[in-house]
Amino acid sequence: MAVQHPTNEWHALQDTFYRKHRLYQMQWAELDLSKFRIAASSFGGPIALVRDERQLLEAGSMPILDTAIHVYSASGHVIGRIEYEGPHIAGLCWTSSEEEQLICVQEDGNVRVFSLSGREPVSFSLGVEAKEKGIIDCRFWDQGFVAMTSDFRLIYIADTNEPKPRMLADPGINEPPHCWAVVPPQVTLSRHVEVLMAVGQTILAVDAASMQDQLLEQGPYACISISPNGRLAALCSNSGRMQVVSIDFQRSFSELDRSKKTDLLADDMIIPMDMAWCGSDAVLGNFGTEAVLIGPFGDSLSFNYEAPVHLVQELDGVRIFNASIHEFISRVGEDSRNVFQIGSTAPAALLYDASDGLRTHSARADEIVRSIGDEMSLAVDTCIAAAGAEPVVEFQQQLLRAASLGKSFLTTFNGDKLVDMCRCLRIVNNLGAYSVGLPVSLVQFQSLPLEQWVARLLNRNLHRLALQLCTYAEAPADQVYVHWACAKIRASTLDDDALYRVLNEKLQTHLLSSYVDVAEVANRCGYRRLAIKLLQHEPRAASQVPLLISMGQDEAAMEAAVKSGDADLVYFVIFHLYKGMALADFFHAISRIPIAARLFEKYCMETNSPILEDYYFQDDAFVKSARLITIDNLMQKDGLKLLANLKVALKILQNDKTSLRETRHMELQIKLVEIQRQLDRDASGDSFIGLTLNQTIARCLREGNYSRANKLRGDFNLPEVRFYWIKLRAIVQRRDWSELSRLANARKSPIGYRPFVDECINALQFQEAARYIPKCDNKERALLFLRIGFFREAADAAMLARDLDSLRQIHDAAREPTLQHEISQQIERLISS
């Protein structure tokens with residue numbers, strides 16, 4: 001059959017044309033749609049039908065008599081079936097998200113959200129007031145909805161993904177409004193949802209803060225529709241008078257009084273069932289079997305149908321469907337008019353004619369091309385844009401051929417435009433096929449990311465087409481393989497091993513970035529062994545471990561966490577085991593994994609958890625138990641309690657025959673605490689408890705208790721070198737220079753005499769330091785004298801040691817001219833010798 005010229009689908013409305021294009025002959029069974037509640041999704045989405053329980057049906061008169069929600073594609077093919085049992089549905093609508101969720105608002109105030117992607121239904125409540133009063137009606141927008149209770153209060157949900165019920169202001173009415181509509185928050189000045197309610201002769205504007213009467217007198221209004229940009233409102237009164245006004249109701253742009261139409265039949269409707277906007281400057285009214293398009297200046301177009309129709313508002317037009325057909329009405333763009341309008345002499349029209357002439361071997365083709373001249377670039381761009389707006393494939397191809405012809409006459413034309421348009425149109429045409437049923441225009445396709453279109457194909461289990469789309473668009477195909485695997489698992493009757501072989505055969509050619517989603521579905525469907533095998537391919541332990549835990553595979557989860565090297569992940573498994581196991585079993589489980597045991601010990605140490613003591617006791621970790629007691633008592637100042645606790649630790653250590661060294665150290669510590677208690681009784685001031693052996697000896701020396709210090713040295717067999725260091729520093733701090741002299745002269749110092757000099761210098765006792773410099777090594781004396789400012793002694797020592805470098809340093813540091821002269825002479829003598 002010959003394809004009709006595009007203008008045959010055009011309908012003039014003053015100086016504007018609107019195209020009415022047949023999308024599908026509906027493929028569903030013969031249905032009387034008036035017996036159903038209908039929800040149709042935008043972007044060519046699915047159509048949900050649920051039997052209208054408010055109507056009585058004769059048995060056997062309809063093919064669908066159950067209470068389930070039946071889901072069809074836009075071409076009428078069955079997509080799925082949603083089992084529904086519960087209260088009556090007050091409102092039904094699809095969201096525009098990639099999951100294509102169906103929102104069912106029940107009369108009891110509960111909301112159920114069903115997804116075509118196969119996810120479990122989500123439920124939430126609209127609050128106590130909705131439950132008590134009940135819901136009688138709803139209005140929806142892309143992300144949320146407003147529900148009306150039986151006492152005519154309004155409850156809104158701003159985002160169905162994060163439902164938080166909030167009340168709008170009380171409209172103060174005692175009877176239901178004639179009609180009402182929602183102004184979405186993204187198009188309001190306040191960025192909050194607003195509701196328009198037709199009450200009496202006027203309209204009330206309600207938001208979260210207040211209610212405002214618009215003081216209109218042309219009502220009552222039976223129908224209200226808000227334009228997509230939120231600037232206009234379409235109104236229809238009970239008398240059939242239709243108006244398009246500004247959203248503040250201050251200006252009227254167009255008007256149509258249907259009651260004055262002379263050709264109305266007796267059964268024709270004057271009040272529309274609903275209205276939808278065709279773009280932002282024309283509105284389409286649904287009068288049952290007639291659809292009326294009202295333009296911006298009051299002119300109208302009428303389209304008649306054999307059966308009542310339903311409207312679906314789109315970004316760039318309106319879809320109209322009934323039981324037999326599905327059509328799309330949209331405004332004809334300027335590019336299409338330049339090419340196809342009869343009598344057009346635009347460069348694009350000439351280029352299109354030239355391309356057609358070239359196809360038919362017409363001699364005028366070359367003449368037409370030459371007549372375009374410098375406007376060839378504009379003609380090519382217009383043909384490409386017109387191809388994107390044209391719904392018929394044959395004319396798309398002709399326009400693209402014309403653009404390709406014109407491109408060959410241009411030297412600096414970017415061909416990416418043409419390539420991109422070909423790619424997009426090929427995708428759009430495949431989406432719109434009967435078997436797919438996603439009739440979208442190029443504008444709609446480009447308004448959503450490619451991932452969402454792939455997800456919509458997957459919702460319909462069209463995996464091959466989704467994969468071809470990803471390949472053609474050079475996009476990642478992970479989500480396609482994941483969805484295919486999940487669908488395969490849900491529908492399979494094979495055992496775990498056989499199903500794993502089937503999946504592995506397909507997935508081994510395409511490694512997934514994550515196997516968790518597939519494994520989770522396998523686990524839910526009872527394929528636990530399959531889920532474990534799939535998780536072995538999961539590269540991210542942070543995703544792998546939680547699912548293993550939910551499957552009860554605690555040992556595998558711990559192994560994966562340890563292998564990942566992520567301490568936080570190991571802690572996650574440890575805490576899970578601690579909550580879900582008896583304490584003894586928990587201790588036994590983590591003790592078999594050294595890394596987990598060490599991390600558990602570290603956590604308990606940092607948080608001072610008493611459970612660590614029980615763990616060490618069960619694990620027979622005697623040394624660790626004793627160490628824990630010791631650490632817990634580091635700040636203990638009560639000598640009696642400290643002594644008792646250390647004796648407990650000693651008793652624990654004595655049970656372990658391999659910890660002799662630790663046992664000996666504990667015995668010495670107990671002995672030290674006993675001595676410290678005795679020292680506390682004999683002396684006043686701060687307690688000795690808590691001091692180390694070195695600190696205890698040093699304090700005794702500082703207090704002049706030399707005999708006790710010497711006894712402590714002997715009792716604990718303290719090395720002589722360490723004792724000398726402790727005694728030296730303590731005597732200097734005490735400023736007991738006579739004792740320091742006795743210490744230096746009693747015998748040869750095991751630490752030498754340089755420390756004596758250093759400690760005196762640090763204490764700023766230069767005269768005392770000078771006493772011990774002669775006992776130091778010859779090479780050190782000169783610089784030591786120089787440090788304390790004894791320049792002459794330093795010079796003598798340097799001369800004695802024949803140290804030229806030291807002499808030069810002393811010469812530079814000395815301020816006395818006579819001394820500097822003497823040092824200079826000494827330097828010269830050393831050099832000459």
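Here is a short tour of this protein, stop by stop.

**Before you click.** You're looking at a predicted model, where local features need pLDDT of at least 70, side-chain atom pairs count only at pLDDT 80 or more, and totals for chains, interfaces and linings use all residues. Residues are numbered from 1 along each chain as its sequence is written, and side-chain values use heavy atoms, with hydrogens and water left out.

**The whole protein.** Show everything as a cartoon: there are 33 helices and 29 strands. Both are DSSP runs numbered from the N terminus, with at least four residues (H or I) for a helix and at least two (E) for a strand. Of the 833 residues, 47% count as buried. Buried means under 20% relative accessible area, exposed means over 50%, and partly exposed lies in between (1.4 Å probe, protein chains only).

Strands count as paired if DSSP finds at least two bridges between them. Now pick β16 (194–199) and β17 (202–206), which pair over 5 bridges. Zoom in on alanine 198, and you'll find isoleucine 203 of β17 opposite.

**Cysteines.** How many disulfides are in the whole structure? The search finds 0, where a disulfide is a pair of cysteine sulfur atoms within 2.5 Å. Select cysteine 236: the nearest cysteine sulfur belongs to cysteine 223, 6.5 Å away. Cysteine 236 is buried, with a relative accessible area of 0%.

**Salt bridges.** There are 23 of these, each a side-chain nitrogen of Lys or Arg within 4 Å of a carboxyl oxygen of Asp or Glu.

- Lysine 20 and glutamate 327 meet at 3.3 Å, N to O. Lysine 20 sits in β2 and glutamate 327 in β29, 307 residues apart. Both residues are buried.
- Arginine 529 and aspartate 497 meet at 3.1 Å, N to O. This pair links helix α14 (528–535) with helix α12 (496–507). Arginine 529 is partly exposed at 44% relative accessibility, and aspartate 497 is partly exposed at 29%.
- Arginine 754 and aspartate 758 have their closest N and O atoms 3.2 Å apart. Both lie in helix α28, 4 residues apart, about one turn of the helix. Arginine 754 is partly exposed at 31%, as is aspartate 758 at 21%.

**Last stop.** Select Asp496, Asp497, Arg529 and Lys533 together: salt bridges that share partners join them into one network.
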